[in-house]
Structure formats: structure tokens, C-alpha cells
Amino acid sequence: MRRRDFLGRALGATAGLVGAAGGLSGAAAGSTAGLAPSRRSLSRATPLDGDPGVAAQFPPPRLDAHAHVNSVNTAERVNRLTGAGTLEPLAGADLVERMGADGIERALVLSTAYLSAMDAVEEARLPEAEERAAVELENDFCAAECARFPERLIPFCSVNPKRPWAREEVDRCVDLHGMRGVKFHFWNSVVDLRGRQSLDALAVLFGHLADRGLPAVIHVFNGSVSDFGPDDVERFLVEVVRPHPGLRVSFAHAGGAGGLHPRIAQIFRRLTEVAPLDSDLGRRLWIDISAVMFTSRFKTIPPTAEASRALMGELLSAWGAERTLWGSDTIPDYVSQTEGVWPLSDAEWAIVAAHDGARFLGG
Ligand SMILES: [Zn+2]
């Protein structure tokens, strides 16, 4: 893999497969806008033409469960690592404007502070004191941007769960800013889901989230482990999530890292097997479908092929629309991208689109 591709993948929120900007947040409007058709121009002359499962009027989702803002500082640092234009600064006002264009009411805005404490890229490490300050600054930025639009933007802090001060930073964000949940990126933070010590430490941290009633959005897929797969995610569920009955978790990108490939499908399938919809564990789990399905190529993710679309339909229907959250990863035009390849019925879309996030957030 070319160095820049690797950096982009490890850095990004959609890290895995998206390549540089994809998930970082967002994507730089400038560098990605040209890749996606606008809502108006969404072509029906595709293999989906006439498919009765795709409504002519796709009601917009009320909630974007996976959005980002980025400070200038973080954008500049990431761009120094991965190349200009990978990550553009994005303010709350920019996000609200995009939401308005798509008819979206509210968004969970996931801080990208974890990018300031990354373990996936050795050369990206900041000196210890500087690292913590940078994480705090980015979480502060996210909180401040959301505070300008309190009815629309719901702030989530983020932190590398391996840092000894992770819990303190979460508490600071909640107590000082009223942030509503926590985002983790297990690839960027190179979180080990196999070692006893690491699992025990995670269980303590997540127990704390449960005690405080804080939901977590987790990018669980760790591409730095070459055979990362369903067993890792099952271990996380069984050893870290299940023991804390109050803990609510949403797996970003349907358990993957952007797009849908066989390994991701195995992980998503395993989630359903270990935590079916009607189980105690299953009732407090969600997935978001950000950066999973695409009408047209996005960065390194090809348009969703018909076979992948059918597979996603099967997996989503087994998982349940009741716990499927729409999310954009702040990818421009992701509503129309989703619309073009949506694999379930109109009725199931209506359920997904109606989620307002209240149950995930804790009422
Ligand atoms: Zn993201």
C-alpha cells in the first residue's frame, strides 16, 4: 500500500477503505463534491431503474447519526501528514447548511479529537503534554460549534481510549460542556481486542460510560490487525459491552470502515448473531450506515455493486431497521447516494428515517 493511502486509511473515520478524506470528516467539500451527483441530478438510468424498492420521493432522515466538525488546527496537521486537501476545516455553520440542504433536523457531531492522539501512525504522535492539550482543544471546538446550534447539533467528545487520562477527558467534556456521548476510533487508536489487559482496561472505561449514561459511537474495525474480523468484535461485545447493562453502543459504518466487503459482511452478520434484536444486549446496540453504500465512486470506494446491495439488504433486514441509524460521515450528497442504492423497502426506510436518536442518547 502506498504510504499516503495507508496514512489516509488509518487516520480517517471511514479510515479503512475510504482512503484519505473519506471519513476524516469529512471530507473536504471541495475535494469530494465533484464525485457525487447532486440530489436533483440523481440519475435513474442505473441498474436500479424502475426498482419498486426505491421510492421516487425518498423522505430525508431526521437524524444524521455520524457527522463531524474539524478545527483549522486539526485539519492542518492531518493535511501535513496525508497531503493537502485531505481534511478541510468544517464549522458548525457549514454542517447546519449541509443538513438544511438535505432536510436533516439533527446530527450527532462526533469530535475528531482522537486524530490528535493517534497510535496508527508513529510519526503523527505529539509530545505527551501537547497531545493532551490538542485533544482538549478539539473537543472544546466541537462543543463550541454545537453550542451555536443547540437544537440541531448534539456534541460527542472523542478520545484515544488507551490514554491514562481518557476517562478524565470524557468527564471534563461532559461536566464542562454537556457533551452527550463519546466517539472512539479503534483503528486510529490501535485498540487491541485480543489481550487480556487491554480488554480489562476497556471494560473499566466503558463501565464508566455506562455509569454516566453516556452512549458510545465506535469505529470498531481495526485495519492494522491483518486478520481483524468477527471474533474480535464478538469478544468486544461479550467482554466489554454485555457486562454493563446500561451501556448503549452504535457501531459506525455497520461494523466496518467504509464500503462493504466480505470481511465487513462477516462482522455485521456476527453482530446480529451475538446480539439479536430481541435480546437484552441487542436492544442497546445500533449501527450507522455512514460511508457504506454509494451510488457513485467515493474516494477509493467503488459504487455499491448489485450483489453488495442485495447482501446489505439481507444483513440490514436481519439486524433490523429499528436499530439502524442513517449517518453521513459528513460526505456530501450522502442522502442521495444512499437513496440510489437503498436495499430495503420504503416501509423500512421510513423506520430508519424517523429515528431521532432519543433512545440512543438515553431519552
Ligand atoms: Zn466519521
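What follows is a short chat about a metal site, a helix pair and one histidine in this predicted model.

Student: Which residues coordinate the zinc ion?
Tutor: His-66 and His-68, each through NE2, and Asp-329 through OD. The distances are 2.0 to 2.1 Å.

Student: What spacing do the donors follow along the chain?
Tutor: The pattern is H-x1-H-x260-D. His-68 and Asp-329 sit 261 residues apart, so to speak linking distant parts of the chain. His-68 is in the loop between β1 and α5. Asp-329 is in the loop between β8 and α13.

Student: Are His-68 and Asp-329 buried or exposed?
Tutor: Both are buried.

Student: New topic. How do the axes of α11 and α12 cross?
Tutor: At roughly 20 degrees, coming within 9 Å. Angles under 35 degrees count as roughly parallel, so α11 and α12 are roughly parallel to each other. The crossing is left-handed.

Student: Which residues meet there?
Tutor: From α11, they include Phe-268, Arg-269 and Leu-271. From α12, Leu-311, Glu-314 and Trp-319 are among them. By class, the contact has nine nonpolar, one polar and two charged residues.

Student: And where is His-244 found?
Tutor: In the loop between α10 and β6.

Student: Why does His-244 count as buried?
Tutor: Because its relative accessibility is 17%, and buried means under 20%.

Student: What does His-244 touch?
Tutor: Leaving out residues up to four places away in sequence, His-244 touches Ala-203, Phe-206, Gly-207, Ala-210 and Arg-284.

How values were computed
Residues numbered from 1 in each chain as written. Predicted model: local features only at pLDDT ≥ 70, side-chain atom pairs only at ≥ 80, totals over all residues. Heavy atoms only, no water. Donors = N, O, S within 2.8 Å, 3.2 Å for Na, K, Ca; no water. Helix = DSSP H or I, 4+ residues; strand = E, 2+ residues; numbered from the N terminus. Buried < 20%, exposed > 50% of the residue type's maximum accessible area, 1.4 Å probe, protein only. Axes fitted to C-alpha atoms, helices over the stretch in contact; angles between N-to-C directions. Parallel < 35°, antiparallel > 145°, perpendicular 65-115°, else oblique. Left-handed = near helix turned anticlockwise from the far one by under 90°. Contact = heavy atoms within 4.5 Å. Nonpolar A, V, L, I, M, F, W, Y, C, P; charged D, E, K, R; others polar.
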